[in-house]
Every structure is written in C-alpha cells, then in structure tokens.
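Subject: Structure handover

Hello,

Here is the structure I promised to pass on. My notes follow below it.

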Amino acid sequence: MAQDATPPDQQPRDPAGGCLIRMFWMILGNLLLIFSAAAILRSRAPLAVSYADVIYGLTVLGMIAARYVDVRYLGGRTSDGEQPATMGNWRRYSIVLAVVTLAVWVLLHVVAHYRA
C-alpha cells in the first residue's frame with residue numbers, strides 16, 4: 001500500500017482565510033443573490049433601482065473578487081477540490097457569473113414590472 005511521503009500532521013493546510021473566502025464565493029454569495037432577487041421581485045417600483053439591486057450588484061462583484069483572491073493568493077482549487085485553480089478558471093467563472101446574473105437581474109425586473 002502506497003503512503004504519502006509527508007506525515008498527515010505535516011501536510012500543508014489551507015489558511016482559515018482561504019476557507020472563508022471559498023465559503024463566500026461558493027455558498028454565502030449565492031444565498032445573498034437569492035435573497036436580493038426575491039426582494040427585487042417584491043419591489044413596488046420595479047423599474048427603479050433599489051437597495052436590493054445594490055446588494056445584488058455588490059454581491060456579484062464581491063464573489064468575483066473573492067474568487068480572484070482565492071485563486072491568486074490563497075492557492076484556490078477548482079470547485080470539486082481535485083485540482084489547483086488557474087487564472088483561466090477565474091476568468092471563466094467571472095464571465096459566466098456576470099452574464100448569468102445580469103440576465104437574471106433583467107428578467108427579475110421584467111417579471112416584477114408585469115406583476116406590479
């Protein structure tokens with residue numbers, strides 16, 4: 001049976017900050033997007049920019065920034081944890097997140113407008 005050359009107690013570990021950053025861009029950021037999306041749908045003035053829109057936009061920017069810090073400075077890994085993440089992974093994540101959240105934001109305002 002093959003064993004690691006490094007004993008388990010001496011293997012490198014992710015810093016606590018890296019774990020918190022990953023939790024933000026993988027879990028907490030998505031929850032914030034869901035809650036702010038629900039607030040946008042309940043808006044009384046669907047064509048006006050509200051606090052929910054600001055939270056939605058800042059959350060997207062925060063998720064992109066958190067992923068950048070994770071990959072660039074904290075040795076981030078891919079979402080499955082199998083491989084180290086690259087700046088290419090970050091670019092792809094950023095583009096997909098920006099496009100999808102922008103499309104959802106527009107759709108939320110359209111639906112809120114027709115519900116009002």
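Is Y68 buried, exposed or partly exposed? Y68 is partly exposed, with a relative accessible area of 28%. Here buried means under 20% relative accessible area, exposed over 50%, and partly exposed in between (1.4 Å probe, protein chains only).

This is a predicted model: local features need pLDDT of at least 70, side-chain atom pairs need pLDDT 80 or more, and totals for chains, interfaces and linings use all residues. Residues are numbered from 1 along each chain as its sequence is written, and side-chain values use heavy atoms, leaving out hydrogens and water.

Aromatic pairs
The count is three. Rings of Phe, Tyr and Trp (its six-membered ring) pair if their centres lie within 6.5 Å; planes under 30 degrees apart are stacked, over 60 edge-to-face, the rest tilted.
- W25 and Y93 are edge-to-face, 5.2 Å centre to centre with 70 degrees between the planes. W25 sits in helix α1 and Y93 in helix α3, 68 residues apart. W25 is buried at 7% relative accessible area, and Y93 is buried at 18%.
- Y68 and Y73 are also edge-to-face, at 6.3 Å and 80 degrees. Y73 is exposed, at 57% relative accessibility.
- Y68, Y73 and W90 make up one aromatic cluster.

Nonpolar core
The largest has 17 residues, and Y56 and L97 have the most contacts inside it. A core is a set of buried Ala, Val, Leu, Ile, Met, Phe, Trp, Tyr and Cys residues joined through side-chain atoms within 4.5 Å.

Best wishes

Technical notes
Helix = DSSP H or I, 4+ residues; strand = E, 2+ residues; numbered from the N terminus.
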